[in-house]
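Please keep the display in view while reading.

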Amino acid sequence: MNLRIKSFEEYQSKYQESIENPEEFWGAIAETFSWQKKWDKTLDWNFSEPKINWFKGGKLNITENLLDRHLPERAEQVAFYWEPNDINAEGKTITYQELHDQVCQLSNGLKELGVQKGDRVCIYMPMVLESVVAILACARVGAVHSIIFAGFSSNALADRIDDAKAKLVITADGLNRGTKQVDLKSMVDEGVKNCSSIENVIVLNCINSQPNMKEGRDIDYHTLIKGKSSTFAAEPMDAEDMLFILYTSGSTGKPKGVVHTCGGYMVYTSYSFENVFQYNEGDVFWCTADIGWITGHSYIVYGPLLSGASSIIFEGVPTYPDAGRFWQVCEKYKVNQFYTAPTAIRTLMAHGLDVVNQYDLSSLKVIGSVGEPINEEAWNWYYENIGKNNCPIVDTWWQTETGGIMLSGLGDLSPMNPTHAGYPLPGIQPVLLDADGNEITENEKEGYLCMKFPWPSILRTTYGDHDRCKNTYFSNYDGYYFTGDGAKRDKNGMYRIIGRVDDVINVSGHRFGTAEIEDALNTNEFAIESAVVGYPHDIKGQGIYAYVVVENATNKELSEITASLTESVSQGIGRIAKPDKIQIVTGLPKTRSGKIMRRILRKIAEGEQSNFGDTSTLLDPSVVDEIVKESL
């Protein structure tokens with residue numbers, strides 16, 4: 001069975017089929033994969049608990065489907081081209097056979113260390129081929145991988161290791177990023193210092209830094225795999241066994257571990273990859289994300305490999321050595337499908353067209369956008385200058401929790417409308433609800449974006465805290481999955497995402513809860529209290545604006561205090577979450593019950609100087625005037 005939809009009419013037909021007979025629809029797609037035992041029941045679900053089971057009782061190992069299944073026909077096909085940070089360094093390739101062999105070698109190494117089915121393994125790695133090997137080796141032995149973005153601090157790393165009760169960390173001595181080298185091993189040493197669950201740390205040599213290795217705990221990656229067999233019998237997994245935990249920010253301080261399972265995630269990532277990008281045999285696909293985010297999981301690792309694709313893994317950044325780097329890579333590998341974030345597009349727009357026009361981009365067939373809504377100016381620039389008015393833009397909307405793309409065009413099959421994600425993929429049943437939970441059926445009216453029926457890659461729980469999963473996603477509106485986003489449809493029914501409606505800020509496509517940034521700020525010696533809001537940012541989409549009440553700062557320069565506060569966020573979460581603006585204030589607008597009125601702070605951050613609505617409930621309304629005056 002070919003999973004590829006080939007026309008818009010076929011999409012409409014498949015969509016109708018998927019809504020009327022979802023179990024039959026997804027069951028037929030699932031049967032195109034290799035199963036050690038067929039499932040007993042295609043779907044069992046209840047959003048109120050929530051309980052969602054897809055293909056329950058089916059036995060499989062996802063790595064057999066993305067490696068072993070392809071070997072008869074694709075053993076010598078390139079699975080990944082690795083493009084290093086240094087433009088003068090030599091790249092690497094890895095074939096499906098080589099990837100299979102290395103995954104089996106590391107699987108044998110993990111087994112030797114006592115890693116068993118169900119154990120949690122944290123991966124804190126650069127964008128190198130061994131990162132994919134580590135991910136797949138975990139999946140092959142039945143361990144649950146939890147990838148932690150290598151830009152997160154040692155504190156953030158420790159929080160995630162503790163929550164997952166991880167047995168092992170796989171890391172590297174360091175990573176290359178633009179002109180910098182980052183010492184990862186010392187971050188891990190600091191992070192695991194008080195993590196009692198960690199038994200071993202595997203260290204890959206990436207930057208030849210000769211890190212300190214703790215005897216009895218730390219193991220060199222290549223020493224571990226040396227001489228290991230290149231065969232390993234994949235662990236049988238139930239379709240509903242955990243595949244991975246990925247931590248994402250919420251509106252409370254503690255990141256939550258989103259759980260995805262083996263069978264449904266496999267079926268949906270492959271199906272969405274092939275259809276959204278209209279991938280053809282022999283194409284070269286490039287997703288510029290980091291593997292530490294869900295985009296990297298689904299559309300660097302799992303989706304492309306399940307579909308037998310050839311992809312690029314890029315170690316560098318879009319502006320090094322200059323702003324033509326992305327386009328140089330596209331020309332070098334004759335990239336056919338290119339998938340990046342609006343932040344990157346807006347950054348590169350600012351550098352003009354000379355760096356774009358140096359390169360031949362004629363190989364591009366589909367260009368994609370991910371992470372946040374793309375503004376119209378960036379959409380037009382991308383379409384005209386990168387796609388040469390000839391490539392469809394797939395403006396994809398989805399989440400860590402959804403596992404795969406939910407709303408999007410399908411390559412060149414679907415109509416496009418700038419700033420609109422498009423139509424739901426087959427099997428996806430979105431609705432817009434008003435504040436009372438009534439469905440909004442008319443177009444051009446804004447509502448809360450929810451889903452009324454499960455799809456195979458929906459999250460199953462938040463690790464170790466099912467109540468949190470229920471309260472976050474399934475309690476706002478009974479019987480619906482609540483996305484946390486506002487949206488509306490145009491006159492043709494195409495969806496446009498308006499943005500978050502909770503206390504989550506989307507910075508360059510990465511979600512941060514305001515509470516976790518406030519927690520990091522409040523650890524600072526100067527901070528008494530803080531409030532964080534998002535505000536419009538030309539490059540990042542949303543920036544982080546922090547209002548901080550300080551004390552013991554009488555002899556300190558303002559710049560010294562703000563630098564110290566910024567460092568607290570870098571230490572607590574990572575540099576990626578540092579505030580764009582910090583305003584020192586004497587007080588925060590609070591109700592008499594002590595609740596901070598963030599809507600007022602949001603308006604001030606957006607440049608509003610008056611029209612704050614009813615402030616009579618504030619304990620001290622004069623605080624607002626002071627904050628406005630200090631912000632000017």
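Is asparagine 208 buried or exposed? Asparagine 208 is exposed, because its relative accessible area is 55%; buried means under 20% relative accessible area, exposed over 50%, and partly exposed in between, with a 1.4 Å probe and protein chains only. The model is predicted, so local features need pLDDT of at least 70 and side-chain atom pairs count only at pLDDT 80 or more, whereas totals for chains, interfaces and linings use all residues. Residues are numbered from 1 along each chain as its sequence is written, and side-chain values use heavy atoms, with hydrogens and water left out.

Asparagine 208 has its place in the loop between β11 (200-204) and β12 (218-220); helices (H or I, at least four residues) and strands (E, at least two) are DSSP runs, numbered from the N terminus. Most residues other than glycine have a negative phi, and most peptide bonds are trans. Asparagine 208, although not a glycine, has a positive phi of about 55°. Lysine 334 likewise has a positive phi, of about 50°. This lysine 334 lies in the loop between α12 and β18 and is exposed, with a relative accessible area of 56%. Two cis peptide bonds can also be located. One runs from glutamate 49 to proline 50, with omega near -15°, and proline 50 sits in the loop between β1 (41-46) and β2 (51-56). Another joins tyrosine 320 and proline 321, with omega about 0°; proline 321 belongs to the loop between β17 (310-314) and α12 (325-333).

The interior comes next. Nonpolar side chains in soluble globular proteins tend to be buried together. A nonpolar core is a set of buried Ala, Val, Leu, Ile, Met, Phe, Trp, Tyr and Cys residues joined through side-chain atoms within 4.5 Å. The largest such core has 161 residues, and among those with the most contacts inside it are Phe80, Leu110 and Tyr302. Helix α6 (residues 129-141) gives the most to this core, with ten residues. A second, separate core of 31 residues includes Met349, Tyr359, Trp381 and Tyr383. Threonine 340, in strand β18 (residues 337-340), is buried, with a relative accessible area of 2%. Leaving aside neighbours within four places in sequence, its contacts (heavy atoms within 4.5 Å) include Thr288, Phe326 and Tyr382.

The strands may now be followed. An open sheet of four strands has the order β23-β24-β26-β27, with antiparallel pairing; two strands pair if DSSP finds at least two bridges between them. Its edge strands, β23 (430-433) and β27 (495-500), each pair on one side only. Four bridges join β23 to β24 (residues 447-451), and leucine 432 has leucine 449 as its bridge partner in β24. Elsewhere, β30 (residues 527-537) and β31 (residues 541-550) pair in the antiparallel sense over ten bridges. These two strands form a hairpin with three residues between them, and alanine 531 stands opposite tyrosine 547 in β31.

Last come the open spaces. On a 1 Å grid over the protein atoms alone, a pocket is an open set of points with protein on both sides within 12 Å along at least five of seven lines, and lining residues have an atom within 4 Å of a point. The second largest pocket is lined by 25 residues, and Arg74, Glu274, Glu281, Ser307 and Gly308 lie nearest its centre.

Note on methods
On a 1 Å grid over the protein atoms alone, a cavity is a set of points where a 1.4 Å probe fits but cannot get out, and a pocket is an open set with protein on both sides within 12 Å along at least five of seven lines; lining residues have an atom within 4 Å of a point.
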